[in-house]
Amino acid sequence: VLDPTHEGGKRRLSPAEEEEASRKRELSIVLAQYLTTGSPDVAYPLAGSIIASLLWPDSMSCRRAIRLGHRLAELTQANGDYDTLLGRHLFHAAVFSLVQEPKWLVGLEWDMLALARDLYCVKTLGVSSTALMYSMAQHTNNLMHQQPHLAQQPHLLAASLPPLPPLVV
C-alpha cells in the first residue's frame, strides 16, 4: 500500500510547508533581482565573476557558472545597460570556451552551447531561444516585438569567427 502523503515519488507538503516554500521562492526572486539589477556596484562584479568562472579550468565551477549565466541573461535581458556585459563579454567567454575545447569542458559542451545560443537569441534577435523555437513551430513572424533595443555584439563576434574547414569523413 502506498503512503498517501507521497505523490509521484514526492512527499506532499503541508499547507505550512507550502507557505514556507513560497516565501523562500519570493525571497530568492527579490535577492536575484537585487544582485543583478539593484546596484551596479554589486551586479557588475557578480557578472564578472560568472564570466571568469566560465573560463576557470574546473568543470564544477563552469557548470554552476553556466546556470548563473542563464539566470543573469534571464533577469537582465530587457535592461540595455547589460548589453555589453552579456552580448560581448559573457557571449565571448562561452564561444571562446567552445572553440578552445579544453579538457575540463568535457560533458559541458551542450550546456555551454545552449548558453551561447540563448545569449545570441536574446541580445541579437530580442527573444529567448525557447520563444524563437515556439514561434518557428507555430509559423508566426512576430518575434521582434519584445525588445526594441537590440545589441549587435553577439552578431559581430559570430561574424568575425573564421570559417570552419570542411569535414573529412
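Which handedness does the crossing of H3 and H5 have? H3 passes H5 in a left-handed crossing. A crossing is left-handed when the near helix is turned anticlockwise from the far one by less than a right angle, and right-handed if clockwise. The model is predicted: local features need pLDDT of at least 70, side-chain atom pairs count only at pLDDT 80 or more, and totals for chains, interfaces and linings use all residues. Residues are numbered from 1 along each chain as its sequence is written, and side-chain values use heavy atoms, with hydrogens and water left out.

Helices here are DSSP runs (H or I, at least four residues), numbered from the N terminus. Two packed helices are described by the angle between their axes and the distance between the axes. Axes are lines fitted to C-alpha atoms, for helices over the stretch in contact, and angles run from 0 to 180 degrees between N-to-C directions.

Start with H3 (residues 59–76) and H5. Their axes come within 10 Å and cross at roughly 15 degrees. H3 is therefore roughly parallel to H5. Contact means heavy atoms within 4.5 Å. On the H3 side, it is made by Cys62, Arg63, Ile66, Gly69, His70, Ala73 and Thr76. H5 supplies Asp111, Met112, Ala114, Leu115, Asp118, Leu119 and Lys123. By class, the contact of H3 with H5 has seven nonpolar, three polar and four charged residues. Ala, Val, Leu, Ile, Met, Phe, Trp, Tyr, Cys and Pro count as nonpolar, Asp, Glu, Lys and Arg as charged, and the others, Gly among them, as polar.

Now take Lys123, which is found in helix H5. Lys123 counts as buried because its relative accessibility is 1%. Buried means under 20% relative accessible area, exposed over 50%, and partly exposed in between (1.4 Å probe, protein chains only). What does the side chain of Lys123 join in a polar contact? The partner is the side chain of Asp83, at 2.8 Å. A polar contact is a pair of N or O atoms within 3.5 Å; within protein, one must be able to donate a hydrogen and the other to accept it, and residues adjacent in sequence count only if both atoms are side-chain atoms.

Asp83 sits in helix H4 (residues 83–100). At 5% relative accessibility, Asp83 also counts as buried. Asp83 and Ala73 are 10 residues apart in sequence and 9.8 Å apart in space, C-alpha to C-alpha.

H4 also packs on H2 (residues 40–55). The two axes come within 8 Å and cross at roughly 15 degrees. That makes H2 roughly parallel to H4. This crossing is left-handed. H2 contributes Tyr44, Ala47, Ile50, Ile51, Leu54 and Leu55. H4 answers with Leu85, His89, Leu90, Ala93, Ala94, Phe96 and Ser97. The contact of H2 with H4 has 11 nonpolar, two polar and no charged residues.

H2 meets H1 (residues 15–38) at an angle of about 90 degrees, with their axes 6 Å apart. H1 is therefore roughly perpendicular to H2. Tyr34, Leu35, Thr36 and Gly38 in H1 meet Pro40, Val42, Ala43 and Leu46 in H2. These residues divide into six nonpolar, two polar and no charged.

Finish at Glu101, in the loop between H4 and H5 (109–125). Most residues other than glycine have a negative phi. Glu101 has a positive phi of about 50 degrees although it is not a glycine. Glu101 is exposed, with a relative accessible area of 65%.

Notes: Helices (H or I, at least four residues) and strands (E, at least two) are DSSP runs, numbered from the N terminus. Angles under 35 degrees count as roughly parallel, over 145 as roughly antiparallel, 65 to 115 as roughly perpendicular and the rest as oblique.
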